[in-house]
Amino acid sequence: MHDQAPPHAPRPTAPLTDTYPTDTHTTDTRPPVTHRAETTERGAFALARCACGWTGPARRSRDRARTDAAEHLAASEG
């Protein structure tokens, strides 16, 4: 009877794929992450923080917080 789909019918779409296009023209303009760790105190606790966003666990020992910072810096180097 009718050869055309009614105006409210969904239009066919392109099939979905599992791959992303490789011809995108975006580049990462963020500066490279630098690691500068320091220790800070919060009440009775000391913790290590880095410029990259890493934060170590809160410690009662300032020496252990400094060790956490040193271990993070060593791990980020290699």
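A salt bridge is a side-chain nitrogen of Lys or Arg within 4 Å of a carboxyl oxygen of Asp or Glu. The model is predicted, so local features need pLDDT of at least 70 and side-chain atom pairs count only at pLDDT 80 or more, while totals for chains, interfaces and linings use all residues. Residues are numbered from 1 along each chain as its sequence is written, and side-chain values use heavy atoms, with hydrogens and water left out.

**View 1. Asp 68 and Arg 64 form a salt bridge.** The N to O distance is 3.5 Å. Both residues belong to helix H1, residues 62–77 (a helix is a DSSP run of H or I, at least four residues, numbered from the N terminus). Asp 68 and Arg 64 are four residues apart, about one turn of the helix.

**View 2. Arg 59 and Asp 68 form a salt bridge.** Here N and O are 2.9 Å apart. Asp 68 is buried, at 5% relative accessibility, whereas Arg 59 is partly exposed at 25% (buried means under 20% relative accessible area, exposed over 50%, partly exposed in between, with a 1.4 Å probe and protein chains only).

**View 3. Arg 64 forms a salt bridge with Glu 71.** The closest N and O atoms are 3.7 Å apart. Arg 64 is partly exposed, with 31% relative accessibility. Glu 71 is also partly exposed, with a relative accessible area of 45%.

**View 4. Salt bridges link Arg 59, Arg 64, Asp 68 and Glu 71 in a network.** Side chains of opposite charge can pair when their charged atoms come close. The structure holds four salt bridges.

Note on methods:
Helices (H or I, at least four residues) and strands (E, at least two) are DSSP runs, numbered from the N terminus.
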